[in-house]
Amino acid sequence: MKVRARFAPAPSGSLHVGNVRTGLFSWAFARHHGGEFILRVEDTDASRVTEEAYRGVLESLAWLGIDWDEGPDVGGPFEPYRQSQRLDIYREHADRLLASGHAYRCYCTAEELDARRKAALAAGRPPGYDGRCRVLTEEERAAHEAQARPSALRFAMTEGEHVLSDLVKGEVRFPPGQLGDFVIVRSDGSPVFLLAVAVDDMLMGVTHVIRGDDLLASGPRNAAVIQALGGTPPVYAHVPQVLGPDRQPLSKRHGSTSVEAFREQGIVPEALMNYLSLLGWSKDAETTLVSREELIASFDLDRVSSNPAAFDTAKLEWMNNHYIQTLEDDDLASRCVRFLTEAGLLVDPVLLGRAMPLVKERMKTLAESVELLRFLFSDDVEPNEKAAGLIEKAPEGYLAAATERLETLDPWTAEAIQEALDGLAESAGLNRTKGWQPIRAAVTGSNVSPPLPQSLELLGRDRTVARLVGSAR
RNA sequence: GGUCCCAUCGUCUAGAGGCCUAGGACACUACCCUCUCAAGGUAGAGACACGGGUUCGAAUCCCGUUGGGACUACCA
């Protein structure tokens, strides 16, 4: 049987990394088994869903390197792929469940439900739905209808113990009475997630549902609905949540949590995918670096961990630096352009490409290219505090001497510059560190920069000299 | 409250009864390299939550405790 896996994000706000991690697992699973990967958008909660968020979700996934065979944008044999466009389908299946006796009308109001739930809790009983409307007599039902009392549709959950054979959690047993009857259609006629997911998974021929373990208890419910509809439930795999550094579920208050946010910080998709894939899954005992191809080749559910993982930004950044180092100069340069121009720098593409070898092992994120390369693309190099201090401490006339030396240097190459700088330091009785730092400060405006001779070569003689003159006392 | 899930270095993990004086990676510390900052190299410190069993032998199996988390909605 061909594997059909899916990812079903709700496009409210941006795509959360914890969420996308389960999507990544689902995708990798499908690809590994040569199956199909479906993207379905769960946008029934119209209030919170915006068109912008919808597009953002698709874009974030594509950026990360996840592709799908069927989805709202590419279509497929089971269109439409947006739940908001499938309302008639849910209604039809809800009617079938009602007709077959698998669902019933519930006339309880929110207030009644709430009161009974509290009472049950106080009495030490499970607070789930008590099944009152399940056993309504014809007369009672008729009476409710005569009053035109609004009703929701509730699924009559199968009695007894429920067992979910989960690919990650193993056999999970829910004791009788624990999983009560749940609403599948609200009194306003809108379908509830529990119904929509089951119907979609069934209709779309999904064979494997890989999702967060906050939905573990939904497993038996989804399966029961599908069974009542005459379908065969998919196999479920519930992967643990991603936590923040404080071991609370990862959320906005932990800082960046969306794919989009990491992208804007200059995290490279290769790194994010690699990092996320290792959050709850391992290739083997040793491997830390896993490419997209290797992930597809080796991913399977049997090596997915069943305990929750905490998100560690430091490791992500280390990995990001690793991938940045592996990129071709032109590729890296083109990825940096956006950050540089957004910082107001005027980028010369040729210069930028040539500068990459100097900065690629110094960047944890693409955004850091801005500080590293500011001196190259802006002539506003007002020294920062430390740089000012270095210039201050330089021997009398040192920068003037440097100016003189470099003004006539030929050829203007890193090698020649290095020689000149060394000669300069030596004649002032300074070592390299002491001798070069004032020059670095004067030319770049900072105490930290890429290697000096190479930096000066790129900057060019005229700009270098102009800055030295500007700083000389 | 009830049910369920989870429990190895600070973090991600390897480990499916003897291969474990517990392996790898990030972070950390020291040293090397070095024009600053990085990168890189070498070394080091660092964990089986606790208590009972089972067994010749347990990180690995069972029970309990503790601690986290989820669910218990006309949210998804």
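The following legends describe an overall view and several close-up views of a predicted model.

Local features are reported at pLDDT of at least 70 and side-chain atom pairs at pLDDT 80 or more, whereas totals for chains, interfaces and linings use all residues. Residues are numbered from 1 along each chain as its sequence is written, chains are lettered from A and ligands numbered from 1 in the order in which they are written, and side-chain values use heavy atoms, with hydrogens and water left out.

**Figure 1. Overall view of chain A.** The secondary structure of chain A comprises 20 helices and eleven strands; helices (H or I, at least four residues) and strands (E, at least two) are DSSP runs, numbered from the N terminus. The radius of gyration is 31 Å, well over the 23 Å that the globule rule gives for 473 residues, so chain A is more spread out than a compact globule. This radius is taken over C-alpha atoms, and the rule is 2.2 Å times the number of residues to the power 0.38. The C-alpha trace spans about 105 × 45 × 40 Å along its principal axes. Of the 473 residues, 49% count as buried, where buried means under 20% relative accessible area, exposed over 50%, and partly exposed in between (1.4 Å probe, protein chains only). Chain A exposes about 22,000 Å², of which carbon and sulfur atoms supply 50%; accessible areas come from the Shrake-Rupley method with a 1.4 Å probe, and for residues only the protein chains shown count as cover.

**Figure 2. The open sheet β3-β4-β7.** Three strands form this open sheet with antiparallel pairing; two strands pair if DSSP finds at least two bridges between them. β3 (103-106) and β7 (182-185) stand at the edges with a single partner strand each, so one side of each is left without a neighbour in the sheet. From one strand to the next, the twist averages 45 degrees. Four bridges join β3 to β4 (residues 152-155), and Tyr104 stands opposite Arg154 in β4.

**Figure 3. The hairpin of β5 and β6.** Strand β5 (residues 162-166) is connected to β6 by a hairpin through three residues. The antiparallel strands β5 and β6 (residues 170-174) are joined by five bridges, with Leu164 opposite Val172 in β6. His162, Leu164 and Asp166 make up the covered face of β5, while Val163 and Ser165 make up the uncovered one.

Figure 4. Seven of the nine residues of α14 (residues 369-377) are buried, namely Ser369, Val370, Leu372, Leu373, Phe375, Leu376 and Phe377. The elements that cover these buried residues include α12 (329-342), α13 (349-359), α18 (432-444), α19 (452-459) and α20 (461-471).

**Figure 5. The crossing of α18 and α20.** The axes of these helices come within 8 Å and cross at roughly 105 degrees. This makes α18 roughly perpendicular to α20, since angles of 65 to 115 degrees count as roughly perpendicular, under 35 as roughly parallel, over 145 as roughly antiparallel and the rest as oblique. Axes are lines fitted to C-alpha atoms, for helices over the stretch in contact, and angles run from 0 to 180 degrees between N-to-C directions. Ile439, Ala442 and Val443 in α18 meet Thr464, Arg467, Leu468 and Ser471 in α20; contact means heavy atoms within 4.5 Å.

**Figure 6. The surroundings of Thr257.** Thr257 lies in the loop between β10 (242-243) and α8 (259-264). At 9% relative accessibility, Thr257 counts as buried. Leaving aside neighbours within four places in sequence, Thr257 is in contact with Leu15, His16, Val17, Leu250, Ser251, Lys252 and Phe262.
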